[in-house]
Amino acid sequence: MKSRLGRWIIPVLGGIAFVYLLVPIAYIFAFSFNDAGRTNLTWRGFTLANWADPCGAPQICESLGNSLRVGAVATVIATVLGTCIALGLVRYKFRFRNTADLLIILPLATPEVVLGASLLAQFLNLGWNLGFWSVIIAHTVFCMAFVVVTVRARVSSLDPRLEEAAADLYASPMATFWKVTFPLLLPGIVAAALLSFAISFDDFIITNFNSGNFDTFPKFIYVAATRGIPAQANVIGSAMFILALVVVIVGQVLSYRRQKALDAR
């Protein structure tokens, strides 16, 4: 009896937790088809008009474009710098390396309110105008920490004998990096970049401190909530979820095919 109960309890609890996680997403997707008026809080009827015109709400596509630009630029900068830092922390021994580790972890452990307020104080002390570039710098600060942690785990798992073999075959350090090290690091770098973009696109607290009059999609949602979030916001949220799901599925399929090809050899 106990073994039978134990065999069922974990799947049931896991299923309940999975449903709990998906309920908000299902709500957003369902209400993206709502024939809403001023508010999108009550169901008024099914319509495809919201999907046909996702930019129908004022400034929604402008804020979405701003979030995409910020996410792309911050991700590129954070990925390049974070990858270099991860390689340096793993491959080289230097004084204060433990201190450097602590400084990398600090943005992850610091509450967003504290980090946002600190960055705002620095921008004001330097006399910077808040806007696109202040948001880029703020996002790069916390995204870079996630990149370092992710890529560092990948660097630590590399077999150094592969690079030694390339050196034995008279490959230069640069050729060894681009033809051996970088391809091996690429899955970790891509994972870090995707995580960085998702965190940047989703961020509200730090952005709200350091953006001034520059609007991003999370800021648009926050302001729109006071007068009723338009159904077009649900359309964009649903589209982003579907896009992320497609990326994950494609990644899993490619990984499965690559592993199958390696096993076939």
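A crossing of two helices is called left-handed if the near helix is turned anticlockwise from the far one by less than a right angle, and right-handed if clockwise. The model shown is predicted, so that local features need pLDDT of at least 70 and side-chain atom pairs count only at pLDDT 80 or more, while totals for chains, interfaces and linings use all residues. Residues are numbered from 1 along each chain as its sequence is written, and side-chain values use heavy atoms, with hydrogens and water left out.

**View 1. Helix H4 (residues 97-109) against helix H6.** Helices here are DSSP runs (H or I, at least four residues), numbered from the N terminus. The axes, lines fitted to C-alpha atoms over the stretch in contact, with angles from 0 to 180 degrees between N-to-C directions, come within 8 Å for H4 and H6 and cross at roughly 120°. H4 is therefore oblique to H6, a class left over once angles under 35 degrees count as roughly parallel, over 145 as roughly antiparallel and 65 to 115 as roughly perpendicular. The crossing of H4 past H6 is left-handed. In contact (heavy atoms within 4.5 Å) are Asp101, Ile104, Ile105, Pro107 and Leu108 of H4 with Val141, Phe142, Ala145, Phe146, Val148, Val149 and Arg152 of H6.

**View 2. Arg154 in helix H6 (residues 132-156).** Arg154 has a relative accessibility of 30% and so counts as partly exposed, the class between buried (under 20% relative accessible area) and exposed (over 50%), for a 1.4 Å probe and protein chains only. Beyond its neighbours within four places in sequence, Arg154 contacts Leu184, Leu185, Pro187 and Gly188.

**View 3. The kink in helix H8 (residues 173-202).** H8 bends by about 50° at Phe182, shortly before the proline Pro183, the bend being the angle between axes fitted to the seven residues ending at a residue and the seven starting there. Among the buried residues of H8 are Thr176, Val180, Thr181, Leu185 and Gly188.

**View 4. Helix H7 (residues 160-168) beside H8.** The axes of H7 and H8 come within 10 Å and cross at roughly 165°, which means that H7 is roughly antiparallel to H8. Their crossing is right-handed, and the contact joins Leu162, Glu163, Ala166 and Ala167 of H7 to Thr176, Val180, Thr181 and Leu184 of H8.

**View 5. Helix H3 (residues 60-91) and helix H10 (residues 217-224).** H3 and H10 pack at an angle of about 145°, with their axes 7 Å apart. Ile60, Ser63, Leu64 and Ser67 of H3 meet Phe217, Pro218 and Phe220 of H10.

Technical notes
Helix = DSSP H or I, 4+ residues; strand = E, 2+ residues; numbered from the N terminus.
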